[in-house]
Amino acid sequence: MAHVLVVDDDPLFREIAREVLLQAGHKVSLAENGLAAAKVEEAPDLAVIDMLMPERDGIETIRDLRGRWPGVKMVAVSAGSKGLQPSLLLRAAKAMGADAVMEKPVDHAGLVKLIADLLP
């Protein structure tokens with residue numbers, strides 16, 4: 001059982017991800033943005049991080065989590081926004097240290113498989 005941290009400002013996305021990941025046998029922690037993620041005390045095995053969030057965006061969150069827990073795997077997710085293509089945001093996430101990326105809407109089975117592939 002892996003500990004997965006889901007960092008996303010969309011409460012519906014967080015709750016659906018939580019249910020899907022719990023059903024897959026994972027322990028799940030939730031954070032509504034990067035500032036809340038910075039307060040998580042227990043190191044996750046993997047973090048799912050939205051790229052566009054208020055207060056602290058995905059790039060800052062990736063950088064922060066990587067500094068705190070160098071071994072944590074990270075999956076960046078994005079639907080883009082106001083002219084920002086998700087592919088551009090996700091390329092930046094990959095350049096900043098994300099291990100994998102997924103465009104929203106996220107395929108739940110694909111997310112579970114991706115997590116299984118990333119974790120030993």
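Throughout these views, buried means under 20% relative accessible area, exposed over 50%, and partly exposed in between (1.4 Å probe, protein chains only). The model is predicted, so local features need pLDDT of at least 70 and side-chain atom pairs 80 or more, while totals for chains, interfaces and linings use all residues. Residues are numbered from 1 along each chain as its sequence is written, and side-chain values use heavy atoms, without hydrogens or water.

**View A. The buried side of helix 3.** Helix 3 covers residues 58-68 (helices are DSSP runs of H or I, at least four residues; strands are E runs, at least two; both are numbered from the N terminus). Its buried residues are Gly58, Ile59, Thr61, Ile62 and Leu65. They sit on the same side of helix 3, because they cover an arc of only 160 degrees around the axis (taken from the directions from the helix axis to the C-beta atoms). The partners they pack against are strand 1, helix 2 (34-38), strand 3, strand 4 and helix 4 (contact: heavy atoms within 4.5 Å).

View B. Gly58 belongs to helix 3 and counts as buried because its relative accessibility is 0%. If you skip neighbours within four places in sequence, Gly58 has contacts with Ile49, Asp50, Met51 and Met53. Look for Asp8 here too: it is 50 residues away from Gly58 along the chain, yet their C-alpha atoms are separated by 8.9 Å.

View C. Leu52 is partly exposed, at 30% relative accessible area. Glu55 counts as exposed, at 61% relative accessibility. Check the backbone of Glu55 as well: phi is positive, about 75 degrees, although this residue is not a glycine. Most residues other than glycine have a negative phi.

**View D. Helix 4, face by face.** Within helix 4 (residues 86-95), Pro86, Leu89, Leu90 and Ala93 are buried. Looking down the axis of helix 4, these buried residues fall within an arc of 95 degrees, so they line one face of the helix. Their cover includes helix 3, strand 4 (73-78) and strand 5 (100-103). Arg91 and Ala95, on the other side of helix 4, are exposed. After helix 4 comes Gly97, with a positive phi near 120 degrees.

**View E. His3 and its polar partners.** His3 is part of strand 1 (residues 3-7) and is buried, with 4% relative accessible area. The side chain of His3 has a polar contact with that of Ser29 at 2.7 Å, and it also reaches the backbone oxygen of Ala43 at 3.4 Å. Setting aside residues up to four places away in sequence, the residues that His3 touches include Lys27, Glu42, Pro44, Asp45 and Leu46.

View F. Pro105 is in the loop between strand 5 and helix 5 (108-118).

Terms used: A polar contact is a pair of N or O atoms within 3.5 Å; within protein, one must be able to donate a hydrogen and the other to accept it, and residues adjacent in sequence count only if both atoms are side-chain atoms.
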